[in-house]
Amino acid sequence: MQRYSVITEKNPREIVLLRGQGCRYRRCAFCDYHQDASCDEHANLKINTEALNQVTGKYGTLEVVNSGSFCELDSSTMKAIIATCKAKDIATVHFECHWLYRRFIPALRESFAQVGTQVKMKIGVETFNATYREEIMKKGIKESDPAKIAQGFNECCLLFGLPGQSYESMMEDIETGLKHFGRICVNIMVENNAPLQPDEEVRQIFADKIYPLYKDNPRVDILLHNTDFGVGD
Ligand code: SF4
């Protein structure tokens with residue numbers, strides 16, 4: 001499993017894939033990421049320290065992903081992340097958080113502010129069509145107003161390539177995301193072991209008609225494969 005990588009294009013940054021206790025929500029119909037998890041805090045810290053030790057601070061920006069939300073990382077790992085940010089002069093650290101845990105974000109921002117690091121928080125919204133998101137994707141965001149969803153978050157993930165999505169729906173999601181968030185990350189659905197599986201025709205519409213419009217936009221990351229950031233397997 002590759003747990004450290006460097007993203008050199010758009011918002012250049014180092015990225016680490018850390019292991020935590022695992023996603024507690026685990027209901028998203030498209031997701032099987034929560035398999036990279038363990039309740040063994042000591043073993044998690046060993047793996048995570050190896051990844052964090054590779055961080056150089058070359059861009060002053062670090063992204064931390066962990067197959068779940070930041071608050072599912074052990075406290076010992078979080079201390080190691082803070083220590084790494086301090087030692088390597090990381091000005092900005094990015095984390096991910098499910099909507100359910102948004103009340104824990106201010107305390108995290110405060111912890112990192114003490115070492116001079118700003119936190120950018122990303123939420124997996126997947127789509128702003130609340131009916132599709134909750135009835136099909138089972139995402140668990142009980143709010144339909146994009147402005148209210150964005151409160152307390154800086155960035156969002158969108159998920160395309162699923163049955164029922166269209167050129168119009170994907171374009172609307174991207175433009176809504178760009179209106180309410182500083183940056184967006186578009187993930188293209190790939191086959192996995194989850195109940196909801198990709199629709200090849202929708203994936204092709206994205207590749208042919210939408211990808212060319214946004215591929216050079218510095219506020220839009222696009223992952224055609226979920227290992228495009230260089231971490232994972
Ligand atoms: S997408 Fe995120 S919140 Fe949903 S089940 Fe997967 S890891 Fe959990």
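A residue is called buried under 20% relative accessible area, exposed over 50% and partly exposed in between, computed with a 1.4 Å probe on protein chains only. At 4% relative accessibility, Phe181 therefore counts as buried. This is a predicted model, in which local features need pLDDT of at least 70, side-chain atom pairs count only at pLDDT 80 or more, and totals for chains, interfaces and linings use all residues. Residues are numbered from 1 along each chain as its sequence is written, and side-chain values use heavy atoms, leaving out hydrogens and water.

**Sheet and helix**

- Helices (H or I, at least four residues) and strands (E, at least two) are DSSP runs, numbered from the N terminus.
- An open sheet of mixed pairing is formed by eight strands, in the order β1-β2-β3-β4-β5-β6-β7-β8; two strands pair if DSSP finds at least two bridges between them.
- At the edges are β1 (4–7) and β8 (220–223), each of which pairs on one side only.
- From one strand to the next, the twist averages 20°.
- Strands β7 (residues 183–188) and β8 run parallel and are joined by four bridges; Ile184 stands opposite Val220 in β8.
- Helix α7 (residues 200–214) packs on the sheet and touches β6 (155–160), β7 and β8, where contact means heavy atoms within 4.5 Å.
- The direction of α7 makes about 150° with that of β8; axes are lines fitted to C-alpha atoms, for helices over the stretch in contact, and angles run from 0 to 180 degrees between N-to-C directions.

**Aromatic rings**

- Rings of Phe, Tyr and Trp (its six-membered ring) pair if their centres lie within 6.5 Å; planes under 30 degrees apart count as stacked, over 60 as edge-to-face and the rest as tilted.
- Six aromatic pairs occur in the structure.
- One of them is the tilted pair of Phe128 and Phe181, with 6.4 Å centre to centre and 40° between the planes.
- Phe128 lies in the loop between β5 (118–126) and α4 (130–136), and Phe181 in the loop between α6 (167–180) and β7, so their pair ties together parts that are 53 residues apart in sequence.
- Phe128 counts as buried because its relative accessibility is 12%.
- Phe70, Phe95 and Phe112 are linked into a cluster by ring pairs.

**Charges over rings**

- A charge sits over a ring if NZ of Lys or CZ of Arg is within 6 Å of the ring centre and within 35 degrees of the ring normal.
- The charged end of Arg13 sits over the ring of Phe229, 5.0 Å from its centre.
- Over the ring of Trp99 sits the charged end of Arg102, 3.7 Å from the ring centre.
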